[in-house]
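Subject: Structure handover

Hello,

Here is the structure I said I would pass on. Please open it first and then read the notes below it.

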Number of protein chains: 2
Amino acid sequence: MDLEPKQNIRLCVDAVVFGYTAKESISVLLIKRTIPPFMHRWALPGGFVIDGETLEEAVTRELETEAGVHINYLEQLYTFGQPERDPRGRIISIAYFGLVNPTNFKLAASSDAEDANWFDIKKLPDLAFDHSAIVETAIKRLRAKIRYEPIGFELLDQKFPISDLEKLYETVLDRPIDRRNFQKKINHLGILAGHNEKQKHPSAGRPAKLYSFNEERYFQLKKEGISFEI
Amino acid sequence: MDLEPKQNIRLCVDAVVFGYTAKESISVLLIKRTIPPFMHRWALPGGFVIDGETLEEAVTRELETEAGVHINYLEQLYTFGQPERDPRGRIISIAYFGLVNPTNFKLAASSDAEDANWFDIKKLPDLAFDHSAIVETAIKRLRAKIRYEPIGFELLDQKFPISDLEKLYETVLDRPIDRRNFQKKINHLGILAGHNEKQKHPSAGRPAKLYSFNEERYFQLKKEGISFEI
DNA sequence: CCAAAAGTGTTAAGAGTACACCCATGA
DNA sequence: TCATGGGTGTACTCTTAACACTTTTGG
């Protein structure tokens with residue numbers, strides 16, 4: 001514990017932020033690097049931790065300055081510390097996992113980033129550093145989470161048709177789900193409240209009834225844990 | 001990502017290693033500190049990361065040198081980075097979660113530690129730094145793991161009566177379990193192989209049949225994940 | 001023969017799964 | 001009126017949960 005070798009190790013944070021739109025799919029926020037190494041390559045938003053700030057503050061700061069994202073949900077994902085993961089030297093990255101609703105704001109690439117954009121998790125470009133491995137880990141976390149926590153509040157619009165939620169599950173689990181069984185299960189959890197309102201301009205078909213989350217119940221179940229095997 | 005403020009941050013690893021014996025209970029390995037800060041206080045084994053080594057190498061090294069423990073199972077737990085968590089300055093700790101069978105070796109406190117010992121998770125002393133919070137996090141992880149992974153191989157003797165495994169589950173989940181339903185469930189998973197051998201000197205009662213894990217099946221289910229709601 | 005722990009099966013309730021037809025809307 | 005997606009129920013299977021008496025051993 002107490003030998004104190006001079007360490008030549010630096011610390012950064014990176015964020016895997018997922019967004020979702022029913023038309024498209026689950027996407028990850030990436031920024032395009034303006035400086036070496038990996039200049040002009042896509043990478044996760046992130047950066048060095050400043051001495052006095054907490055890790056969460058570092059992530060939040062980087063997301064705001066690099067992409068204009070005000071994050072909705074954030075949890076620690078994993079710490080990546082392989083000695084060779086960064087060509088600049090020993091740099092440890094504490095990766096975070098975030099969720100936002102991308103329709104709530106406009107992405108804004110800043111000085112730090114040439115560009116910022118959403119990428120479908122099935123069509124990711126080559127990423128800088130070991131960021132592909134980080135994204136992989138985050139996707140696994142997302143798939144695992146959906147089994148024991150309600151999900152959707154942080155990703156969907158305030159009011160949404162049940163089919164949006166169902167598509168979210170289908171996308172994350174990467175397989176089809178029976179509509180009737182899904183609704184039965186969701187109703188049984190009691191996390192949705194219906195409204196006397198319908199979808200405004202469906203691209204086709206009968207307009208769907210809109211729902212929103214019962215936040216109290218949602219966060220209670222998030223704490224207690226559920227078993228959602230579908 | 002690329003401003004590089006001079007960081008004055010150091011990096012250490014700490015390990016929450018769980019051991020189990022059916023007579024006693026689930027225990028955590030602690031060492032007694034020989035130097036300030038928190039001199040003579042119990043703390044988690046751990047220490048500073050050396051420049052070229054991976055995080056896992058750092059944990060393994062510290063466990064061997066501080067307590068003579070050759071670890072059996074290790075996974076990353078969480079990274080603790082609050083700026084005030086260590087009075088010596090900004091020190092980030094990457095905490096690991098480990099499992100061993102304590103009957104396999106003798107603890108050996110080394111120069112770095114005044115003493116090394118097992119403590120029942122229900123009777124922990126006051127710990128140095130934020131180590132109580134780290135242990136809390138590890139216990140939560142253990143309770144969560146038992147629900148979606150088989151557990152026991154790393155903790156129990158090679159051959160054991162089913163009641164040992166059942167007590168493990170009861171201890172981790174902290175509630176009684178119905179013996180018949182438990183056995184049905186475990187048999188259904190197919191992770192145990194019976195032997196034509198009985199417990200040698202039970203403290204009382206009928207000697208139990210001994211079992212061991214079917215490792216192939218065990219690790220297969222560990223990978224696939226199970227849903228063990230009992 | 002007594003105390004202690006092991007071995008063992010049935011039933012009832014709830015959850016999961018598979019499956020198809022009619023309805024409301026816009027073009 | 002057609003195409004598109006929304007809304008809805010039933011039957012079967014499987015899993016879970018509750019529950020108690022008999023057997024084997026050592027003292």
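This is a predicted model: local features need pLDDT of at least 70, side-chain atom pairs count only at pLDDT 80 or more; totals for chains, interfaces and linings use all residues.

Helices and strands here are DSSP runs, numbered from the N terminus: a helix has at least four residues and a strand at least two.

Backbone points

Most residues other than glycine have a negative phi, and most peptide bonds are trans. A few places in this model depart from that pattern.

B:His40 has a positive phi, near 65 degrees, although the residue is not glycine. Its relative accessible area is 46%, so B:His40 counts as partly exposed. B:Asp174 also has a positive phi without being glycine; the value is near 60 degrees. B:Asp174 sits in the loop between helix H3 (162-173) and helix H4 (179-189) of chain B. With a relative accessible area of 45%, B:Asp174 is partly exposed.

There are cis peptide bonds to look at as well. In chain A, one joins A:Pro36 and A:Pro37, with omega about -5 degrees. A:Pro37 belongs to the loop between strand S2 (26-33) and strand S3 (42-43) of chain A. In chain B, a cis peptide bond joins B:Pro36 and B:Pro37, and omega there is about -10 degrees. B:Pro37 is in the loop between S2 and strand S3 (42-43) of chain B.

Strands of chain B

Chain B has an open sheet of three strands in the order S8-S10-S9, with antiparallel pairing. Its edge strands are S8 (160-161) and S9 (192-198), each of which pairs on one side only. Two bridges hold the antiparallel pairing of S8(B) with strand S10 (residues 209-213) of chain B. For B:Pro161, the bridge partner in S10(B) is B:Leu210.

Elsewhere in chain B, strand S5 (residues 73-80) is mostly covered, with six of its eight residues buried. S5(B) runs antiparallel to strand S6 (residues 91-99) of chain B, and seven bridges join the two. If you want one pair to find on screen, B:Gln76 stands opposite B:Tyr96 in S6(B). In a regular strand the side chains alternate between the two faces of the sheet.

Where the chains meet

How many residues of each chain are in contact with the other chain? For chain A the number is 44, and they are in contact with 43 residues of chain B. Between them the chains bury about 3700 Å², 48% of it on carbon and sulfur atoms. Several elements of chain A give two or more residues to the side that touches chain B, among them strand S1 (10-20), strand S5 (73-80) and helix H2 (131-148). H1(A) gives the most to that side, with four residues.

The count of salt bridges between chain A and chain B is zero. Polar contact, on the other hand, is found for 13 residue pairs between chain A and chain B, counting pairs with both residues at pLDDT 80 or more.

Leaving out residues up to four places away in sequence, B:Thr21 touches B:Pro102 and B:Thr103.

A:Glu149 lies in the loop between H2 and strand S8 (160-161) of chain A. A:Glu149 is buried, because its relative accessible area of 11% is under 20%. Apart from residues up to four places away in sequence, A:Glu149 touches A:Tyr169, A:Lys222 and A:Ile226.

Regards

Note on methods
Residues are numbered from 1 along each chain as its sequence is written. Chains are lettered from A and ligands numbered from 1 in the order in which they are written. Side-chain values use heavy atoms; hydrogens and water are left out. Two strands pair if DSSP finds at least two bridges between them. Contact means heavy atoms within 4.5 Å. Buried area is the accessible area (1.4 Å probe) that two parts lose on being put together, summed over both. A salt bridge is a side-chain nitrogen of Lys or Arg within 4 Å of a carboxyl oxygen of Asp or Glu. A polar contact is a pair of N or O atoms within 3.5 Å; within protein, one must be able to donate a hydrogen and the other to accept it, and residues adjacent in sequence count only if both atoms are side-chain atoms. Buried means under 20% relative accessible area, exposed over 50%, partly exposed in between (1.4 Å probe, protein chains only).
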